Amino acid sequence: MLNGYKIIDADAHVIEPPDMWVKYLDPEFREFAPSHDMKIKGEPISQNIPKKLQQEANKQMMQAYPHAYLNRYNPESHVQSMMQMGMDVALIYPNYGLWLFAIDSLPPAVIGAFTYAYNTWLYEEFCSYDPDKLRGVGAINQHDSEGMVKELRRIANFGWKAVFLRPNPVKGRILSDPAYEPFWTECEALDIAVGLHEGHWSRLPTTGADRFNTRFALHACSHPMEQMMALLALIEGGVLERHPNLRIGFLESGCGWLPYWLWRLDEEYKTLQWEVENHVKSLPSEYFRRQCYIAIEPSEPYLSQLIDYIGNDNIIFGSDYPHMDHKPDIVSQVVKLEKDLSRETVEKILWHNPARFYGLS
């Protein structure tokens, strides 16, 4: 709690310990366990990340939370960092898993073994340290559409209320691919929210990867643009029409792209409704307001205009702890928004909206 606000961190990250993979992977797949330098059989799990950038990231993370860094971001240090920031609850997304679960060239069964191992470790070892504060967001194997429902049910049995997907195409499938339809149906039936989280430099088709090499460029374009494509797929493919109770969150991409994209899609729909009217029966902006959420950055200068456009019920906040993008004072920055957005709106952003999205009582 900070300044009287109860706070949900809608997007925090765990740093998976390297030895976790050997411990939790099924023996059949242990030959694929990533090494301590995060390589599989000598191949890195991501595209080549410049060594200077890795050093700078480590430096910034060390400076921000030295205790957590030196304790390898174990659950105790995570809870301590939450208390330092004023967080009450954190939804935990992976770090290395954003790359590892996205290697398009690996057999689907191997990715399935990774997601199973990660979910088991996150549940049994990490979140169990303080399950009231540390809430797991399950990983799903998008490479194996037939296995997605089985793991979703296992995650639901943990008591978790959310899973995450990559917004990128996986095995050539976008999010509206018919192969995913049983998964969307089960998410709706089990009341499981779906957070979409991008990760640049991954071994998936990624916006900008064919043009740029710097993190400056890749991070700037891949996160919002892949989310734009994902929202379009969910609307144009009829997923949100067929599943009106499905909840989708768009994370770590800012919100500035949203008003333009909704306006653009609404305009296209008004002109070309006849082309998609069998499975898109409302304006795209209406689907978003009904069942989607977006994580803001407190430094974005147009937040009041966004609220004027979509209202204040679909906005959430994630700290991105402990990544190099994370700022230790980010929670206080959100609290200061009460001067411009009202205390009621800030309360919605920090607690009521993420609680509704993640199905937290």
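## Contacts along the chain

Take contacts (heavy atoms within 4.5 Å) between residues at least 6 apart in sequence: 75% of them join residues at least 24 apart. This is a predicted model, where local features need pLDDT of at least 70, side-chain atom pairs count only at pLDDT 80 or more, and totals for chains, interfaces and linings use all residues. Residues are numbered from 1 along each chain as its sequence is written, and side-chain values use heavy atoms, leaving out hydrogens and water.

## Overall build

The chain holds 16 helices and 11 strands. These are DSSP runs, numbered from the N terminus: helices are H or I with at least four residues, strands are E with at least two. The radius of gyration is 20 Å, close to the 21 Å that the globule rule gives for 361 residues, so the chain is as compact as a globular protein of that length. That radius is taken over C-alpha atoms, and the globule rule is 2.2 Å times the number of residues to the power 0.38.

Along its principal axes, the C-alpha trace spans about 55 × 45 × 40 Å. Of the 361 residues, 56% are buried. Buried means under 20% relative accessible area, exposed over 50%, and partly exposed in between (1.4 Å probe, protein chains only).

## A bent helix

Helix H11 covers residues 257–276. Its 20 residues have end C-alpha atoms only 23 Å apart, short of the 28 Å that a straight helix would reach at 1.5 Å a residue. The expected span is 1.5 Å times one less than the number of residues. H11 bends by about 65° at Lys-270. The bend is the angle between axes fitted to the seven residues ending there and the seven starting there.

The buried residues of H11 include Trp-257, Trp-261, Asp-266 and Tyr-269. What covers the buried residues of H11 includes helix H9 (215–236), strand E9 (248–250) and helix H12 (284–291).

## Rings and charges

Rings of Phe, Tyr and Trp (its six-membered ring) pair if their centres lie within 6.5 Å; planes under 30 degrees apart are stacked, over 60 edge-to-face, the rest tilted. The count is 19 aromatic pairs. In one of them, Phe-250 and Trp-257 have ring centres 6.0 Å apart and planes at 70°, so the pair is edge-to-face. Phe-250 is buried at 0% relative accessibility, and Trp-257 is buried at 8%.

A charge sits over a ring if NZ of Lys or CZ of Arg is within 6 Å of the ring centre and within 35 degrees of the ring normal. Lys-41 has its charged end over the ring of Phe-32, 4.3 Å from its centre. Arg-343 has its charged end over the ring of Tyr-5, 4.0 Å from its centre.
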